[in-house]
Amino acid sequence: MDPEIAALAGTAGTTLVTLLATDTWYSVRDRVVALWQRARPDRAPAVAAELDVTREELLGARAAGDEAVEAEMGAEWQGRIRRLLTAHPELAGELRTLLAELAPDTVPAPTVTQHATASGQARVYQAGRDMRISGADGS
């Protein structure tokens, strides 16, 4: 499984469930259903109904003080979103944009992977961001 998709799905599942308990839930539901509509139009109405059920169960659990239900629902939606993104990775950018608009502090940063090989007396310098090397010998 692609770790970037897994991280995005994890964030999306948790964020989605949290936002379903807010005043913006209609907008959230409609925009999430739109993702399914593009990839799996046959599933979109069922996803809308499942989001409505999730919201009702979430509100009931919160009223009863059952905090475990929210985590379970987040994991459930994480799995659904992960399966959607695995089958349709082209939706990842759209989902990131959606999360950035709805909950900007929750969007995971893209993963950077670096590989280098040096032989002999060669040196390898890598940085995920800024790097400053002073002196001819790198010290």
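This is a predicted model: local features need pLDDT of at least 70, side-chain atom pairs count only at pLDDT 80 or more; totals for chains, interfaces and linings use all residues.
Arg-40 is partly exposed, with a relative accessible area of 34%, where partly exposed means between the limits for buried (under 20% relative accessible area) and exposed (over 50%), using a 1.4 Å probe and protein chains only. The side chain of Arg-40 meets that of Asp-42 in a salt bridge with an N to O distance of 3.2 Å, a salt bridge being a side-chain nitrogen of Lys or Arg within 4 Å of a carboxyl oxygen of Asp or Glu.

Residues are numbered from 1 along each chain as its sequence is written, and side-chain values use heavy atoms, with hydrogens and water left out.

**The chain as a whole**

- The protein chain holds 5 helices and 0 strands, where helices (H or I, at least four residues) and strands (E, at least two) are DSSP runs numbered from the N terminus.
- Read from the N terminus on, the elements follow the order α-α-α-α-α.
- Of the 139 residues in the protein chain, 32% are buried.
- Among contacts (heavy atoms within 4.5 Å) with a separation of 6 or more, 64% are between residues 24 or more positions apart.
- The accessible surface of the chain is about 8600 Å², and 51% of that belongs to carbon and sulfur atoms; accessible areas come from the Shrake-Rupley method with a 1.4 Å probe, and for residues only the protein chains shown count as cover.

**Helix α1**

- Helix α1 spans residues 3-20, which is 18 residues, and reaches 26 Å from its first C-alpha to its last, close to the 26 Å expected at 1.5 Å a residue; the expected span is 1.5 Å times one less than the number of residues.
- At the start of α1, a side-chain oxygen of Asp-2 comes to within 2.9 Å of the backbone nitrogen of Glu-4.
- The buried residues of α1, including Ile-5, Leu-8, Val-17 and Leu-20, pack against α2 (25-39), α3 (44-64), α4 (67-87) and α5.

- Trp-36 lies in helix α2 and counts as buried, with 6% relative accessibility.
- Not counting residues up to four places away in sequence, Trp-36 touches Pro-41, Arg-43, Ala-44, Val-47, Trp-77, Arg-80, Ile-81 and Leu-84.
- Although Trp-36 and Leu-91 are 55 residues apart along the chain, their C-alpha atoms are separated by 9.4 Å.
- His-88 is found in the loop between α4 and α5, and at 18% relative accessibility His-88 counts as buried.
- Leaving aside its neighbours within four places in sequence, His-88 is in contact with Ala-39 and with Arg-40, the residue whose salt bridge with Asp-42 opened this briefing.

**Salt bridges**

- Side chains of opposite charge can pair when their charged atoms come close.
- The salt bridges in this model number 10.
- In one of them, Arg-31 pairs with Glu-101, the closest N and O atoms being 2.4 Å apart; because Arg-31 lies in helix α2 and Glu-101 in helix α5, this pair ties together parts that are 70 residues apart in sequence.
- Both ends of this pair are partly exposed, Arg-31 at 32% relative accessibility and Glu-101 at 48%.
- Glu-76 and Arg-80 form another salt bridge, at 2.7 Å from N to O, and both residues lie in helix α4, 4 residues apart, which is about one turn of the helix.
- An α-helix has 3.6 residues a turn, so residues three or four places apart point the same way.
- Glu-76 is partly exposed, with a relative accessible area of 40%, and salt bridges that share partners join Arg-43, Glu-50, Glu-76 and Arg-80 into one network.

**A nonpolar surface patch**

- Tyr-125, Met-131 and Ile-133 form a nonpolar patch on the surface, with about 270 Å² of accessible area together.
- Patches are made of residues with over 30% relative accessible area and no salt bridge, with like charges joined within 9 Å and nonpolar side chains (Val, Leu, Ile, Met, Phe, Trp, Tyr) within 5 Å.
- Met-131 belongs to the segment after α5 (92-102) and is partly exposed, with a relative accessible area of 39%.

Conventions
A polar contact is a pair of N or O atoms within 3.5 Å; within protein, one must be able to donate a hydrogen and the other to accept it, and residues adjacent in sequence count only if both atoms are side-chain atoms.
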